[in-house]
Amino acid sequence: MKKFEIITESDARVLAQGETVVLARGGHVTPLAQDTLKERRVIVVHEDRASADEAALAPPADIRKVAIASDHTGVKLRREIVGFLRGRGLAVTDLGTEGSEPVDYPDVAASVADLVARGDADGGIVIDGAGIGSAIAANKIRGIRAVMAPTATIARYAREHNGANVLTLGATLVSPDEARAIVTTWLTTPMREPRYIRRLAKIRALEDRD
């Protein structure tokens, strides 16, 4: 990966579309270069910022506070998971929904993602019919890394490799027993490898790109 003390317009012009580069501590990007980098969708990882708070980007290894919500299709499974989480001694913020009246999954996903993004919850769980839509919606919230995990193996990879701080479940795809196994794995898998944590800075750089 290329590293720059200063990125000028001429530097920016020769970088490949979508390339990732490192700006050294105390480095500078010229105003004209900023426009070109944006146009060419180049990701600039700030070395000083990355070294200072990469570790803070990793989700808490010890999850104690969980925000959870579901749409109308996930009410029964959500109640099962809420009881399971409280049985483990976790603080649970249950955001609903109750009843069978249709509810739009983007609203439900956002309610959980907002709490996690603000730090009011260590992690979040969203349940809809398939879990896919809620993951897409939650990932629109800055700082959220949501994954739809249909198995415990996917949940483990999502935490250990990708630092997922929101888990989404499909109520029509997993049984309560399978959901508990998925949630247990997700809760108890820490993200420790520096190389994985370092990549979270690149994900944040993608959020900064626009």
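Mentor: We will take the overall build, then the salt bridges, then some local details.

Trainee: What should I know about where the values come from?
Mentor: This is a predicted model, in which local features need pLDDT of at least 70 and side-chain atom pairs count only at pLDDT 80 or more, while totals for chains, interfaces and linings use all residues. Residues are numbered from 1 along each chain as its sequence is written, and side-chain values use heavy atoms, with hydrogens and water left out.

Trainee: Okay, how many helices and strands are there?
Mentor: The protein chain has nine helices and eight strands, taken as DSSP runs numbered from the N terminus (H or I of at least four residues for helices, E of at least two for strands). Along the principal axes, the C-alpha atoms fill a box of roughly 60 × 35 × 25 Å.

Trainee: And what share of the residues is buried?
Mentor: Of the 210 residues in the protein chain, 46% are buried, where buried means under 20% relative accessible area, exposed means over 50% and partly exposed lies in between, with a 1.4 Å probe and protein chains only.

Trainee: How many salt bridges does the structure hold?
Mentor: There are eleven, each being a side-chain nitrogen of Lys or Arg within 4 Å of a carboxyl oxygen of Asp or Glu. One of them pairs Glu 39 with Arg 13, with the closest N and O atoms 3.7 Å apart. Glu 39 belongs to helix H2 and Arg 13 to helix H1 (residues 9–14), so this pair ties together parts that are 26 residues apart in sequence.

Trainee: Which residue does Arg 78 meet in a salt bridge?
Mentor: Arg 78 meets Asp 94, at 2.8 Å from N to O. That pair links distant parts of the chain, since Arg 78 sits in helix H4 (residues 75–87) and Asp 94 in strand S5, 16 residues apart. Arg 78 is buried, at 0% relative accessibility, whereas Asp 94 is partly exposed, at 31%.

Trainee: What about Asp 177 and Arg 180, how far apart are they in helix H8?
Mentor: They are three residues apart in helix H8 (residues 176–188), which means a separation of about one helical turn. Asp 177 is exposed at 55% relative accessibility, and Arg 180 is partly exposed at 22%.

Trainee: Switching topic, what is the nearest side chain of opposite charge to Arg 145?
Mentor: It is Glu 207, 6.8 Å away, and Arg 145 is buried yet has no salt bridge; for charge, Lys and Arg count as positive and Asp and Glu as negative, with His and the chain ends not counted. Arg 145 lies in the loop between helix H6 (132–138) and strand S7 (146–148), and its side chain reaches the backbone oxygen of Gly 163 at 2.8 Å.

Trainee: Which arginines lie over rings?
Mentor: Among them, Arg 156 has its charged end over the ring of Tyr 157, 4.7 Å from the centre, and Arg 159 lies over the face of Trp 186, 5.4 Å from the ring centre. The test asks for NZ of Lys or CZ of Arg within 6 Å of the ring centre and within 35 degrees of the ring normal.

Trainee: Where is the cis peptide bond?
Mentor: It joins Gly 96 and Thr 97, with omega at about 15°, and Thr 97 is in the loop between strand S5 (91–94) and helix H5 (105–118).

Note on methods
A polar contact is a pair of N or O atoms within 3.5 Å; within protein, one must be able to donate a hydrogen and the other to accept it, and residues adjacent in sequence count only if both atoms are side-chain atoms.
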